[in-house]
Every structure is written in C-alpha cells, then in structure tokens.
Amino acid sequence: MARIIVVTSGKGGVGKTTTSASISTGLAKRGHKTVVIDFDVGLRNLDLIMNCERRVVYDFVNVIQGEATLNQALIRDKRVDTLYILPASQTREKEALTKDGVEKVINELSERFDYIVCDSPAGIEHGALMALYYADEAIVVTNPEVSSVRDSDRILGILQSKSRRAEMGQDPVKEHLLLSRYNPDRVQRGEMLSVADVEEILAIPLLGVIPESQVVLNASNQGLPVILEEDSDAGQAYEDAVARLLGEEREHRFMSSQKKGFFSRMFKGG
Amino acid sequence: MSFFDYFKSKKNNRSASVAKERLQIIVAHERGQREQPDYLPALQKELLEVIRKYVQISDDMVQVEVDRNDSCSVLELNVTLPEH
C-alpha cells in the first residue's frame, strides 16, 4: 500500500507544483518508488517543472476513461529512475476526474508505488477536492502572507470534513505545514509574518521552511526540481523536509537572517 | 537609495503584527462558522418566514447561532423587531 500525499494550499502561486516536484524527487532519490500526479486539468504545469512536457502522450483523464493504460501514460523521470509522472489533461473538462475514476487509478498505482504525491490545483473546486480526497497526508504550502494563511486554514477545514478519511470516520489526514517564500530579513524588520506566527495561527506541525530564493526560478526555468540544486538553500530546505516526512529529526534551517555588516547594508540595500 | 533605506528601515511600522492580529480574528471567526451544523441556513430561512407572518422584518434581522459547550449545545436566536 502506498502512502498518498496531497500537496495543497487553497491559494494559487504559493509553490504547490514546485513543492510536488521537489518532494516527489526527494522521495524517489532515497530509493522509494514514487509517482507524482498532476490534478490541474486544463492548466497542467508539473510536466514543465519536471522537464517532461515534450514526452506527454497520454494523460490522467485518458487513463480514467480507458483510452490508455497506466503504463502508456506514466512518464519515467530521466534523472531519478524510481520516479514517474502522471500528467494532467490539457484539453478536458475538470469534471472528467470522477471520484470512481480517480480511485481506480490510485488503487492501481498503490500496488506498484511506495508514495503517490498528488499536486492539487488552486482553489477549493472539484479538482482540488479530488486531489485531497484519497490523501493519507497533506502538505499545506503556505506563504507568510495574510491571504495565503487564511486560505490554508480554509483548506485544513476541508481536509477535516471532506476527505475520504473524514467521511469514513478513519484517523484524520496527517497535516504538515510547509512555509515557502520565507524572507528572514523582512521577518526581522517586522514586515513579514514569522514561522512562529504562522504556526500559532494554523496550529499544525511544521514540515519545513523554504527560504525565498532566486534559485527556485532558475531551476523552474530549466525544468529542474529545485531539490536537485543540492548546494542551494532552497534545495537543502526541501531535502530536510523530505527527511522529516520520512520521520527523521532535522533541525530547522534558513529561518534567521544572515548577519550583514554596516557597509554591506548601506551599499547593497540590506 | 540604499543609504536612505538604512535609516528608513529603523522607522518601519511593524506590519507583521497587524497581519497576525487580523488573521487571528478572521480565522477564529471562520472556524466558528465551519463548525455550525449544515441545517442552520435552512432553519434561519424558515424561522424568518414564520416571523414574517406576524411582523415585517428583513433578512438580516434574524440571527441564528449554535454555541457548543462540553456537555450541551445552545441554539441562540436573535430577532430584532422593527420600531413602531
């Protein structure tokens, strides 16, 4: 049986796809058989972030509707050989993801993989509900900013009431907070919510803090999951998050600002 | 620019604490609503219709809330009657 992990947030643009790509790559790099599914029907982008956009032939909806087999639709990652990508359909209606159809595909994947990572679309509509419905665990990606935190709380409410685990009265979906685009300098100046602030408001365990970093855009430009930029702060922060997801204890890093001298603050704009 | 920014940053108002305060209020409010039973809107609508048989009131003059304590729940009904 695979562990099913949804990467969700409510709000768009906070880093769900970036996180899905990095978490799934990180799990696979440690030898776990991992598949990452794009649930964003009509606006697929995981393929671009994973650099396999030109290898997409069949998609998730084709498999649900019996037009292709799973083997035909799954794309094997070229960098990590235990990682597969199941792309979303770019042309179908969102309603093509039926509860039964998604369940059938997830059950089949569950027999072959250790981890199924579901990359949720933004919003709380059908696609997002389908992405979280079968989850055992949820990574709630949040930016330290008012609208993102509020939407994260909303999505937590949905996880607690509308997931399969909630409907069946099973143990609740295990929730993880992943705070991304974190800028310790601005936190120190009192301009940005701190990790502690967001933890206090959302009251769920912290999986990791991803610092705001230029490396993230550079990596996505090239179709490289940022976790593979092993020397970068963001890459290492994702690596730590994967380790914690697997139960390792790791101290949180990149949460305080680098001390800058008086002159560098004056001349580089601190 | 950076020279002046250095001094300006000292005076920056701490907007993060404003954000935190606003979030705590709205999140608490929305969590309260989330825990309300599903039938509440329908109940409110029907109550409004019954009251309207006798007194003309507008939609926002009836408020229904459920307060949950450990041992029991209290249905709180607030009806504002129009002035004569």
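**Exercise 1.** Determine the handedness of the crossing of H7(A) and H10(A) in this predicted model, and state which residues make the contact.

*Solution.* 
1. The crossing of H7(A) and H10(A) is right-handed.
2. On the H7(A) side, the contact is made by Val149(A), Ser152(A), Asp153(A) and Leu156(A); H10(A) contributes Val198(A), Ile201(A) and Leu202(A).
3. Sorted by class, these residues comprise 5 nonpolar, 1 polar and 1 charged.
4. The axes of H7(A), residues 146-162, and H10(A), residues 195-202, come within 10 Å and cross at roughly 35 degrees.

**Exercise 2.** Identify which parts of the chain are tied together by the salt bridge of Lys29(A) with Glu230(A).

*Solution.* 
1. The closest N and O atoms of Lys29(A) and Glu230(A) are 3.2 Å apart, and a salt bridge requires a distance within 4 Å.
2. Lys29(A) lies in helix H1 and Glu230(A) in the loop between helices H11 and H12, so the pair ties together parts that are 201 residues apart in sequence.
3. Lys29(A) is partly exposed at 34% relative accessibility, and Glu230(A) is partly exposed at 48%.

**Exercise 3.** Is Glu239(A) buried or exposed, and with which residue does Glu239(A) form a salt bridge at 3.5 Å?

*Solution.* 
1. Glu239(A) has 19% relative accessibility; buried means under 20%, so Glu239(A) counts as buried.
2. The partner at 3.5 Å is Arg30(A).
3. This pair links helix H12, which holds Glu239(A), to the loop between H1 and strand E2, which holds Arg30(A), 209 residues apart.
4. Arg30(A) is partly exposed, at 29%.

How values were computed. Residues numbered from 1 in each chain as written. Chains lettered and ligands numbered in written order. Predicted model: local features only at pLDDT ≥ 70, side-chain atom pairs only at ≥ 80, totals over all residues. Heavy atoms only, no water. Axes fitted to C-alpha atoms, helices over the stretch in contact; angles between N-to-C directions. Helix = DSSP H or I, 4+ residues; strand = E, 2+ residues; numbered from the N terminus. Left-handed = near helix turned anticlockwise from the far one by under 90°. Contact = heavy atoms within 4.5 Å. Nonpolar A, V, L, I, M, F, W, Y, C, P; charged D, E, K, R; others polar. Salt bridge = Lys/Arg side-chain N within 4 Å of Asp/Glu carboxyl O. Buried < 20%, exposed > 50% of the residue type's maximum accessible area, 1.4 Å probe, protein only.
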